[in-house]
Amino acid sequence: METLLNTALIESTAEKIDALALAAAAAAETWANCPRTTRARLLDGLAAAIEAERETLVAIADTETHLGTARLNGELDRTAFQLRMFATLLKEGRPFRALDEPAVPGAPPAGHPHMTLVRVPIGPVAMFAASNFPFAFSVLGGDTASALAAGCPVIVKAHPGHPQLSQRIFELACSVIAAQQLPAGVLGMVQGASVDVGVSLVTHPAICAVAFTGSFKGGTALQAHAQARPRPIPFYGELGSVNPIVVLPAALDSQAEALAQTLAGSIALGCGQFCTSPGIVILPDHKMGAAFIAQLGAALSQADLHDMLTPGIRRLYDAGVERLNKLEQVHPLVGPARVADGGPPTAYLGVVDGQTFLRSPALHEEVFGPACLVVKVSSMEETIQILQAIGGSLTATIWGAGDSTPDNVRLVNAAMGIAGRVLFAGVPTGVAVTAAQQHGGPWPASTQPFTTSVGHAALDRFLRPVALQDAPAWLAASAAGTENHQD
């Protein structure tokens with residue numbers, strides 16, 4: 001492992017990117033039309049490969065990311081689970097079931113020809129790995145797994161925050177692909193921290209879609225390149241989120257201290273480097289609310305933080321906290337963070353009133369790291385206005401809405417209007433990998449709010465619907481599943 005960690009990785013050249021994209025394009029038809037069981041076997045094999053190398057992989061990941069072996073082992077488990085989940089879906093054939101409508105005699109609109117709706121793989125996908133999940137949103141993470149399951153070759157843009165781990169996992173994946181005698185172009189990877197690497201990949205004519213998890217600035221820049229192509233392509237970007245939590249009086253009445261401890265743990269989890277980390281807490285401006293704020297501050301000040309993922313992320317965190325701390329209307333209860341010195345950051349908790357928050361767009365922006373802003377409100381109307389001012393978010397959490405009151409109904413509707421996932425218990429950190437999951441929300445949380453990057457439906461992003469009208473018998477039978485060429 002020492003040799004690997006000391007090996008300097010060379011940034012991928014334009015020539016290498018071109019070669020990988022062409023190889024993916026060459027493999028696309030074969031991979032799209034192979035039996036579903038072939039794709040499932042690859043996903044199962046990839047899961048087994050990373051599990052077999054668990055000790056080595058977790059050690060490399062911990063050296064590069066500082067996330068700790070307990071967290072990283074759990075994340076490796078999740079990654080293997082995701083791979084096997086999509087393998088199971090393939091074996092069951094669920095993503096590829098056709099909608100078949102026999103012909104109805106007569107004139108339209110009642111009458112119509114024989115129609116069969118199928119879904120076909122979109123083609124090679126460029127996948128940008130995330131900094132904060134070196135397994136689950138990286139080389140063999142959910143985007144790669146779902147695209148491969150859909151029948152699309154993948155080219156991974158490795159994250160510069162964990163290059164050695166990415167290289168090792170890619171080598172393992174290549175070994176599995178070779179052992180199963182699959183085209184090498186099914187999976188490729190490029191490395192490099194420069195903007196040119198990502199732009200070259202997104203703009204290559206062979207790339208048919210992009211999956212991205214990262215910063216708002218980087219994501220919107222790449223999306224612009226994807227849309228400026230002669231033939232624009234889908235850009236599935238997760239760009240950041242403040243994940244508001246609304247604390248109602250009913251919650252404070254019964255469990256304020258426990259909720260404060262839970263919330264502090266969520267803010268500090270992974271040093272605040274979760275896309276679902278709570279960034280804004282909204283609660284009533286009264287005595288119980290003041291007590292909760294004090295409890296939250298005491299708990300957060302005791303948080304055990306570790307080094308952030310990269311020096312660049314640390315610098316942005318310090319700058320974000322400094323920006324908040326310079327605003328006279330924001331009262332710092334915990335922090336501010338000290339100047340970066342190579343060690344862990346300091347958590348930050350600021351307090352502001354609702355009207356100041358509404359007047360200050362700078363307060364609505366995400367600070368990626370263990371920072372949170374408490375907003376004190378005087379009414380339900382003000383609470384809803386704050387949610388609407390925040391705009392799109394991956395999650396919104398409401399504590400204490402157990403009763404069906406008119407105010408609670410309005411609040412829930414407002415939360416559903418701005419978030420992809422609305423919680424009524426617990427904290428948003430932690431995203432279940434299930435059929436009912438929605439990990440994506442209105443802009444700016446994601447670029448495609450009708451899609452998810454976690455759960456069964458993540459696969460849908462890489463399948464394009466095609467209607468077959470009066471198809472010949474051999475094709476209609478195949479599409480309907482009676483003689484499915486995919487099995």
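The following legends describe close-up views of a predicted model.

**View 1. Helix H3, its length and its buried residues.** Helix H3 covers residues 36-52. At 1.5 Å a residue, a helix of 17 residues should span 24 Å, and the end C-alpha atoms of H3 are 25 Å apart, which agrees with that expectation. The buried residues of H3 are Arg36, Thr38, Arg39, Ala40, Leu42, Leu43, Gly45, Leu46, Ala47, Ala49 and Ile50. These buried residues pack against several other helices, namely helix H2 (14-33), helix H4 (54-65), H5, helix H6 (142-150) and helix H7 (163-179).

**View 2. The packing of H3 with H7.** One of the partners of the buried residues of H3 is helix H7, and here the two helices pack at an angle of about 135 degrees, with their axes 9 Å apart. Because of that angle, H3 counts as oblique to H7. The crossing in which H3 passes H7 is right-handed. On the H3 side the contact is made by Leu42, Gly45, Leu46, Ala49 and Ile50, which meet Ile169, Leu172, Ala173, Val176 and Ile177 in H7. Sorted by class, the residues of this contact are nine nonpolar and one polar, with no charged residues. An α-helix has 3.6 residues a turn, so residues three or four places apart point the same way.

**View 3. The packing of H10 with H11.** Helix H10 (residues 249-268) and helix H11 (residues 287-301) pack with their axes 8 Å apart, at an angle of about 25 degrees. The angle is under 35 degrees, and therefore H10 is described as roughly parallel to H11. The crossing of these two helices, H10 and H11, is right-handed. From H10, the residues Pro249, Leu252, Asp253, Ala256, Glu257, Leu259, Ala260, Gln261, Leu263, Ala264, Ile267 and Ala268 take part, and they meet Met288, Gly289, Phe292, Gln295, Leu296, Ala299 and Leu300 in H11. The contact of H10 with H11 is made up of 14 nonpolar, three polar and two charged residues.

**View 4. Ala70 in helix H5.** Ala70 belongs to helix H5, which is formed by residues 69-92. With a relative accessible area of 67%, Ala70 is exposed, because a value over 50% counts as exposed. Ala59 stands eleven residues from Ala70 along the chain, and the C-alpha atoms of Ala70 and Ala59 are separated by 11 Å. Helix H5 itself is also among the helices against which the buried residues of H3 pack.

Definitions and conventions. Residues numbered from 1 in each chain as written. Predicted model: local features only at pLDDT ≥ 70, side-chain atom pairs only at ≥ 80, totals over all residues. Heavy atoms only, no water. Helix = DSSP H or I, 4+ residues; strand = E, 2+ residues; numbered from the N terminus. Buried < 20%, exposed > 50% of the residue type's maximum accessible area, 1.4 Å probe, protein only. Expected span 1.5 Å × (residues − 1). Contact = heavy atoms within 4.5 Å. Axes fitted to C-alpha atoms, helices over the stretch in contact; angles between N-to-C directions. Parallel < 35°, antiparallel > 145°, perpendicular 65-115°, else oblique. Left-handed = near helix turned anticlockwise from the far one by under 90°. Nonpolar A, V, L, I, M, F, W, Y, C, P; charged D, E, K, R; others polar.
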